[in-house]
Amino acid sequence: MPERGGFSKAQDVRMSQLLAGSPKNWGRWGPDDEVGSLNFLTQAEVLRGVRAVRQGKVVTCGELIGNPKGDPMFPGRKPTVREMVQDKNDYVTGKATPLPGGVEYADDKITMFLQGSTQIDALGHVWYDDHVWNGYPAAEATAGGMKKTSILPIAERGIVGRGVLLDMAAHFGKFALEKGDTFGLEDMLACAERQGVTIEKHDILCLRIGFLQLLYVQGPEVFYKDFNEPGLTYSTEVVDWFHEMEIPCLATDTISNEIDIDPELGVQIPLHCALMRNLGIIFNEICNFEALAKDCHEDGQWDFLFTAAPLKVREATGAPLNVMVVK
Ligand code: UVW
């Protein structure tokens, strides 16, 4: 068994070294699988999620697109642009002609990064060692569009099961975790205990970090300076726990679902590699858990039916959606 610990920043750690002995679900659901750990969400698991519905409350967890205060974006990506294509003025100026019967309509379009708001990553979105989820060669899988492990199989299947929210920011006594703040498995379990909720096998794990809300408070200049999102940190214990608990989906209100740059190792987004690429866990990013967390603090119910279905975009690396939970 390859060594799984003992690495340090000084060693210029490669992901292939770090994760050499890390568990993998490749082949577990056959050589053609493209939905990974969503396979854990069987009909029985959907019904377990339905049993978490006890009040009939519906909360949506999509982030606002086109927020005048800015859309939270991974550096390098461009904000979403929504343009009006036709409005009432076009009829007034004669640019547009009413439909037969005198009906008029407005139209618009958006240009956006598919990863530029609340979205689900395709399983092939991130890789190392030239292979994406399930062992597909990255060169073939991603050539000019995702030929394998695109968002489409996930969009066709949908994500429905029992979800649990952990308010990690509140656990640390903060409104929001700040750049570079990290936490690990023990913190998540302590948070669950404090909230009085049990994380069960096959649960969809939702983490509130609060960090993206700081964009609206601080403004983009301060928010993006020395950008290093806070979040869950890589460790063998974290990876083994996700593996043993057979977690199908990790949803957070940050852009990357993990601390961007590991403070100990200096590597970037190792959990994308260990959890998404190796275990096939679906990443749902840039959720807005503000309303959900507020509601959970008020009624003490931290579990719910979690439902999500990204848009069916052909060959895409990810796709936006509006996550919806029912309590
Ligand atoms: C990267 O930033 C590379 O990915 P994600 O949007 O999944 O965080």
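Figure 1. A polar side-chain atom of R77 sits 2.9 Å from an oxygen atom of the ligand. The model is predicted, and so are these distances. For D121, a side-chain N or O atom is 2.7 Å from a ligand oxygen. S256 also places a polar side-chain atom 3.0 Å from an oxygen atom of the ligand. On its own, the ligand has 260 Å² of accessible area, and the protein covers 89% of that area.

**Figure 2. The shell around the ligand.** Which residues are around the ligand? They are F74, R77, Q115, D121, H125, I255, S256, I269, H272 and E285. By class, the shell holds three nonpolar, four polar and three charged residues. Two shell members, H272 and E285, are also joined by a side-chain polar contact of 3.1 Å.

**Figure 3. H272 in helix α11.** H272 belongs to helix α11. Is H272 buried or exposed? Its relative accessibility is 3%, below the 20% cut-off, so H272 counts as buried. The side chain of H272 makes a polar contact with the side chain of E285, at 3.1 Å. Leaving out residues up to four places away in sequence, H272 touches D121, V126, S256, E258, R277, F283 and E285. S256, another partner of H272, has a polar side-chain atom 3.0 Å from an oxygen atom of the ligand.

**Figure 4. N257, a buried loop residue.** N257 lies in the loop that runs between β9 (249-252) and α11 (270-277). Its relative accessible area is 2%, under the 20% limit, so N257 is buried. What does the side chain of N257 contact? It makes a polar contact of 2.5 Å with the side chain of T252. A polar atom of the N257 side chain also lies 3.5 Å from the backbone oxygen of N284. Beyond four places in sequence, N257 touches L250, A251, T252, F283, N284 and E285. Q268 is eleven residues from N257 along the chain, and their C-alpha atoms are 12 Å apart.

**Figure 5. I159 in the nonpolar core.** The largest nonpolar core has 83 residues. Which of them touch the most other members? They are I159, L166, M188, L205, F242 and F306. Apart from neighbours within four places in sequence, I159 is in contact with L38, L41, I120, I154, I204, C249, I282, F306, T307 and A308.

**Figure 6. D226 and its positive phi.** Most residues other than glycine have a negative phi. D226 is not a glycine, yet its phi is positive, at about 50°. D226 is in the loop between α9 (220-224) and β8 (231-232). Its relative accessible area is 64%, over the 50% cut-off, so D226 is exposed.

**Figure 7. E315 and its positive phi.** E315 is not a glycine either, and its phi is positive, at about 60°. The loop between β11 (303-308) and β12 (318-320) holds E315. How is E315 classed by accessibility? At 22%, its relative accessibility falls between the cut-offs of 20% and 50%, so E315 counts as partly exposed.

Definitions and conventions:
Residues numbered from 1 in each chain as written. Predicted model: local features only at pLDDT ≥ 70, side-chain atom pairs only at ≥ 80, totals over all residues. Heavy atoms only, no water. Core = buried A, V, L, I, M, F, W, Y, C linked by side-chain atoms within 4.5 Å. Buried < 20%, exposed > 50% of the residue type's maximum accessible area, 1.4 Å probe, protein only. Contact = heavy atoms within 4.5 Å. Near = heavy atom within 4 Å. Polar contact = N/O pair within 3.5 Å; in protein donor to acceptor, adjacent residues only side chain to side chain. Areas by Shrake-Rupley, 256 points an atom, 1.4 Å probe, with all protein chains shown as cover. Nonpolar A, V, L, I, M, F, W, Y, C, P; charged D, E, K, R; others polar. Helix = DSSP H or I, 4+ residues; strand = E, 2+ residues; numbered from the N terminus.
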